[in-house]
Amino acid sequence: MKQIQQLFQSEDGNIEQRENFLSLLEKIVTSLDNLKNPQKTTLGPMKERSANFYQELMQDNQVPTSGVGLDQVVDDLTQLMQGHPYHTRNFVTNVLPMASIPGVLGQFTNALLNGNNLWDVYGPAAAECEVKVVAMMSKLVGYDFTQSFGYTTWGGQGAVFSGLRLAIAKQFPQAKEEGVPNNLYCFASENAHYSLLKSIEAVGIGSKHLIRVKAGKDHSMDVQDLQARMTEVIENGGIPVYVVATTGATDQFGIDDVQAIKEVTTNLEKKYDLQSIHIHADSALGGFYAFFNDYDFKKNPLHFEEDVLQGLLQIHERMQHLAIADSLCFDFQKLGQTPYLTSLFLIKEGKNLRLLDIDDFDTPYVGNRGYGSYHTGYTLECSRMGSSIAIYAALQAFGKEGYQQILANYVRVNLAFRKQLAEKLPMIQVVNEANIGPVTAYRLYPKDFNWASEQAGSYTQVQLEYINAINASLFEILGEGRDEVFFGDTTRVCTVSASDTKQQIPVAAAKFFSISPYTETEHISDIVHFLKQKVKVLEASQIEYSH
Ligand SMILES: *Cc1c(COP(=O)(O)O)cnc(C)c1O
């Protein structure tokens, strides 16, 4: 048993066990450091995977009969780092951040304590932090913290799902026992994240009852279309339960106007005598720009450059209305700079969580005893990791100003990227010009084609598909060089109409998603140079495509 005990932290805090533990940690961190190279986006060379790579893993692996020893384990862990993506200055793909040190320390503390956030008797540290971060973020967005509540959950996806559960429970408290009525409908922009699609399938509403609302030129939800689509549903006997307002869309940072959406739902509720329709702001990504809610844009205490300030102000115009939404989400593992998985779900009227709770009778081994008062029976999870500790550590370490600095830098480098694109690569055009934020979506055009005409619906379906194909080839070429500069891409940044058919055609675009704290404006010219080289490779490979 003594040998087995050596696999654990000490029971009594003795120095010898601590030093063994720390030396293992040091090995891990040192090995990681040895693999780092700021000019690359991977730790060491990229790993080539054969076609049957995963099949071979299945064949080759079984539990060892006796343990291999911690040194061997650490070696194995170090091996896993080889070829892993790493978030250097050239890492500009999707919103996959580097975990900040406070975030890692919070997660580490959580792992050491291994509290279970199901109940404060088992996980008091996480419960305490959860309440703290709920209060902090409630105050930040402008919720009344005496009414609001929330909890950490399984991603932005989990928040969209939990918002939907709540939306149904508010209008149909009996649905828990009797099942969901078959005439419920949900609404979201065509640019919304697919989280809602999965949620609607999972709660049994059925994905045919997801109404996709058109997006406008700035990629945000067209509220007139929302009004029209909701009216149509209501007049045909449907009941709207849930509207998801995407506040910072994943591919182009379109920001839906929560205030305008609320006006639409309120008017329809009055006109048709409906119950209140739940609005969830899917702010998983963009909500962090609420850190500028009380920034003094006139005095500009952090001395942001004029164009950065204007960009931030433009985001602020929309983000200041987040508190109108009935629920929200902050994916701290995105712009909150913490490790996976640290998502916070916030609810304006915390008391509504009661609608999701199960009876004490059904939770016999946990719950309200004399010695424990924080029991999260309303979450879909049972045991929950204490991710609130990492969130708390990050909020404390960065402070509002730290977040303002890093969020402003994303805007700054995007502005620089757009400027250099326009100067050096005119055949590439930005398709989310109206949305400044952490992402620039760009598209390569053949001679005589351009985004303005494309967005206006001037091209035929065949032409649109041709431009998409060129861009798909560009993604392949960019992807092959991703260990140098790691761009993102999307097959549908938005849709446009074709001039000759009734089809809405998806628009494919590559993405510059600034997410590393190490990407600064001085690195942009190298990134643009890389892009230029890759466009040349593409041109050389396609005879019929030329400028
Ligand atoms: C990332 C994202 C999601 C999904 O969040 P996960 O944390 O990956 O589950 C949902 N909505 C938006 C807008 C997002 O950016």
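## Close-up views of a predicted model

**View 1. Helix α10 passes helix α11 in a right-handed crossing.** In this predicted model, the axes of α10 (residues 223–235) and α11 (residues 258–272) come within 10 Å and cross at roughly 25°. Because angles under 35 degrees count as roughly parallel, that crossing makes α10 roughly parallel to α11. On the α10 side the meeting residues are Val 223, Leu 226, Gln 227, Met 230, Thr 231, Ile 234 and Glu 235, and on the α11 side they are Ala 260, Ile 261, Val 264, Thr 265, Leu 268 and Tyr 272. Sorted by class, the contact of α10 with α11 holds 9 nonpolar, 3 polar and 1 charged residues.

**View 2. Helices α15 and α16 meet in a right-handed crossing.** The axes of α15 (residues 461–480) and α16 (residues 524–541) come within 10 Å, with a crossing angle of roughly 120°, and the two helices are therefore oblique to each other. From α15 the contact draws on Ile 470, Ser 473, Leu 474, Ile 477 and Leu 478, while α16 brings Phe 530, Leu 531, Lys 534, Val 535, Val 537 and Leu 538. The residues of this contact divide into 9 nonpolar, 1 polar and 1 charged.

**View 3. Helices α6 and α13 pack with their axes 8 Å apart.** The angle between α6 and α13 is about 45°, so the pair is oblique, and the crossing is left-handed. The α6 side of the contact is made by Ala 125, Ala 126, Cys 129, Glu 130, Lys 132, Val 133, Met 136, Met 137 and Leu 140, and the α13 side by Ser 388, Ile 389, Ile 391, Tyr 392, Leu 395, Gln 396 and Lys 400. In terms of class, 11 of the contact residues of α6 and α13 are nonpolar, 2 are polar and 3 are charged.

**View 4. The largest pocket has a volume of about 1,400 Å³.** Its lining is formed by 34 residues, and those that lie nearest the centre of the pocket are Leu 32, Tyr 86, Ala 99, Ser 100 and Val 104. Helices α2 (15–35), α5 (101–113) and α13 (388–424) each supply at least two residues of this lining, and α5 gives the most, with 6 residues. The lining of the largest pocket comprises 23 nonpolar, 8 polar and 3 charged residues.

**View 5. The second largest pocket has a volume of about 760 Å³.** It is lined by 38 residues, of which Ala 192, His 193, Tyr 194, Ser 195 and Thr 250 are the closest to its centre. Two or more lining residues come from each of the helices α7 (155–171) and α9 (195–203) and from each of the strands β3 (184–189), β4 (210–213) and β11 (486–497). Strand β11 gives the most to the lining of the second largest pocket, with 4 residues. By class, 15 residues of this lining are nonpolar, 14 are polar and 9 are charged.

**View 6. The peptide bond from Tyr 340 to Leu 341 is cis.** Omega for this bond is near 0°, and Leu 341 lies in the loop between strands β7 (327–331) and β8 (343–347). As background to this view and the next, most peptide bonds are trans, and most residues other than glycine have a negative phi.

**View 7. Asn 114 has a positive phi.** The value of phi at Asn 114 is near 45°, in a residue other than glycine. Asn 114 is placed in the loop between helices α5 and α6 (124–141).

Note on methods. Residues numbered from 1 in each chain as written. Predicted model: local features only at pLDDT ≥ 70, side-chain atom pairs only at ≥ 80, totals over all residues. Heavy atoms only, no water. 1 Å grid on protein atoms, 1.4 Å probe; cavity = no way out; pocket = protein on both sides within 12 Å on 5 of 7 lines; lining within 4 Å. Points joined across faces, edges and corners; volume = space filled by probe spheres on them. Nonpolar A, V, L, I, M, F, W, Y, C, P; charged D, E, K, R; others polar. Axes fitted to C-alpha atoms, helices over the stretch in contact; angles between N-to-C directions. Parallel < 35°, antiparallel > 145°, perpendicular 65-115°, else oblique. Left-handed = near helix turned anticlockwise from the far one by under 90°. Contact = heavy atoms within 4.5 Å.
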